[in-house]
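Reader: Hey, can you walk me through this one? I'm new to reading structures.

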Amino acid sequence: MTYFVLFLGLGFMLDGLGVVSNPSPYYGVVVLVVASVSCCRWLLSLGVLFVSLVLFMVYLGGMLVVFVYLVSLVVSVSRDLGGLTCCGVWFR
């Protein structure tokens, strides 16, 4: 059981590194969802069901709403400017 909990914790930390190191926000949000599910499984293995459900519903739901808002804002601004520049890369 101890190794299982340590394995889930290591998976959660690797998912966190995937969120930080991903340059594209679209793939970053997919890794964020995977990291949240991994953290929920880790919390379930520790026996805290309510905290796991709150993390999944409230935190992940709020983050996805903010992400959708920001993506729609960036798309509308990039249409006005004819493209989007981020870190020296030109996106259209």
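This is a predicted model: local features need pLDDT of at least 70, side-chain atom pairs count only at pLDDT 80 or more; totals for chains, interfaces and linings use all residues.

Reader: OK, so which residues does UniProt list for "signal peptide"?

Author: Residues 1-18, from an unreviewed entry in UniProt. In the model, that stretch is 94% helix and 0% strand, with its end C-alpha atoms 26 Å apart. Helices here are DSSP runs of H or I with at least four residues, strands are runs of E with at least two, and both are numbered from the N terminus.

Reader: Where's L17, and is it buried or exposed?

Author: L17 sits in helix α1, residues 2-21. It counts as exposed because its relative accessibility is 54%. The cut-offs are under 20% relative accessible area for buried and over 50% for exposed, with partly exposed in between (1.4 Å probe, protein chains only).

Reader: New topic: how do α1 and α2 cross?

Author: Their axes come within 9 Å and cross at roughly 160°, with α2 covering residues 25-46. Axes are lines fitted to C-alpha atoms, for helices over the stretch in contact, and angles run from 0 to 180 degrees between N-to-C directions. α1 and α2 are therefore roughly antiparallel, a label for angles over 145 degrees.

Reader: Which residues make the contact?

Author: On the α1 side they include F4, V5, L8 and F12, and on the α2 side V31, L32, A35 and S45 are among them. Contact means heavy atoms within 4.5 Å.

Reader: What about S45, buried or exposed?

Author: S45, in helix α2, is buried because its relative accessible area is 16%. Not counting residues up to four places away in sequence, S45 touches M1, F4, V5 and L8.

Reader: Last one: what does S52 touch?

Author: Leaving aside neighbours within four places in sequence, S52 is in contact with C40, L43 and L44. S52 belongs to helix α3, residues 49-81, and counts as buried because its relative accessibility is 3%.

Note on methods. Residues are numbered from 1 along each chain as its sequence is written. Side-chain values use heavy atoms; hydrogens and water are left out. UniProt positions are given in the numbering used here, feature names are shortened, and annotations may be inferred rather than shown by experiment. Angles under 35 degrees count as roughly parallel, over 145 as roughly antiparallel, 65 to 115 as roughly perpendicular and the rest as oblique.
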